[in-house]
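Student: I would like to learn how to read a few features of a protein model. Could you take me through one?

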Amino acid sequence: MTADTMTIREMCDTFGVTPRTLRFYESKELLAPIREGQKRLFTKRDRARLKLILRGKRFGFSLEEIRQLLDLYDTGDQQHTQMLRAHELGSERLCALEQQRAELNNTISDMRKQMAWVEQTLTSLRQTNEAAE
């Protein structure tokens, strides 16, 4: 191993992922570590790609969308095409997340109202039972 490469264990420790996750991303051709027999050595490029993969997953992008963005890095236009596509996908995802948040806020509000009704009904029942005793 050199200072420019990391083992699978070092990658796992650095990025908080499992070996299985790294092998999965490798099988999907999102990462391309150097193979020395059974040993995998991850380059700076792999580390940068993994950062983008994990960020993309956190933002809710599909692996196919992430692959497309990673593939655009090599178009030779100083990442202009990649950034345009990332902005487009990001805008779509942000809109979807904001819509989900609005729906979640409505659900929370409805649930609070329902819980207040249940609490009020329980209080009434308790008072009725205490009066009957």
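Student: How many residues apart in helix α4 are R67 and E64?

Tutor: First, a word on the model: it is predicted, so local features need pLDDT of at least 70 and side-chain atom pairs count only at pLDDT 80 or more, while totals for chains, interfaces and linings use all residues. Residues are numbered from 1 along each chain as its sequence is written, and side-chain values use heavy atoms, leaving out hydrogens and water. Helices are DSSP runs of H or I with at least four residues, numbered from the N terminus. In helix α4, R67 and E64 are 3 residues apart, which means a separation of about one helical turn.

Student: What do R67 and E64 form?

Tutor: A salt bridge is a side-chain nitrogen of Lys or Arg within 4 Å of a carboxyl oxygen of Asp or Glu. R67 and E64 form one, with their closest N and O atoms 3.3 Å apart.

Student: Is R67 buried or exposed, or in between?

Tutor: Buried means under 20% relative accessible area, exposed over 50%, and partly exposed in between, using a 1.4 Å probe and protein chains only. R67 is partly exposed because its relative accessibility is 21%; E64, at 42%, also counts as partly exposed.

Student: How many salt bridges are there by this rule?

Tutor: The count is 6. One of them joins D13 and R9 at 3.4 Å, N to O, and both residues lie in helix α1, 4 residues apart. D13 counts as exposed at 55% relative accessibility, whereas R9 is partly exposed at 46%.

Student: Which residues touch the most other members of the largest nonpolar core?

Tutor: A nonpolar core is a set of buried Ala, Val, Leu, Ile, Met, Phe, Trp, Tyr and Cys residues joined through side-chain atoms within 4.5 Å. Here the largest has 18 residues, and M11, L22, Y25, L31, L50 and I53 touch the most other members. Helices α1 (8–15), α2 (19–27), α3 (44–59) and α4 (63–72) each supply at least two residues of this core, with α4 giving the most, 4 residues.

Student: What does Y25 touch?

Tutor: Contact means heavy atoms within 4.5 Å. Leaving aside residues up to four places away in sequence, Y25 touches L30, L31, L50, I53, L54, K57 and L63.

Student: Where does L122 lie?

Tutor: L122 is in helix α5 (residues 80–132), and L122 is partly exposed, with a relative accessible area of 45%.
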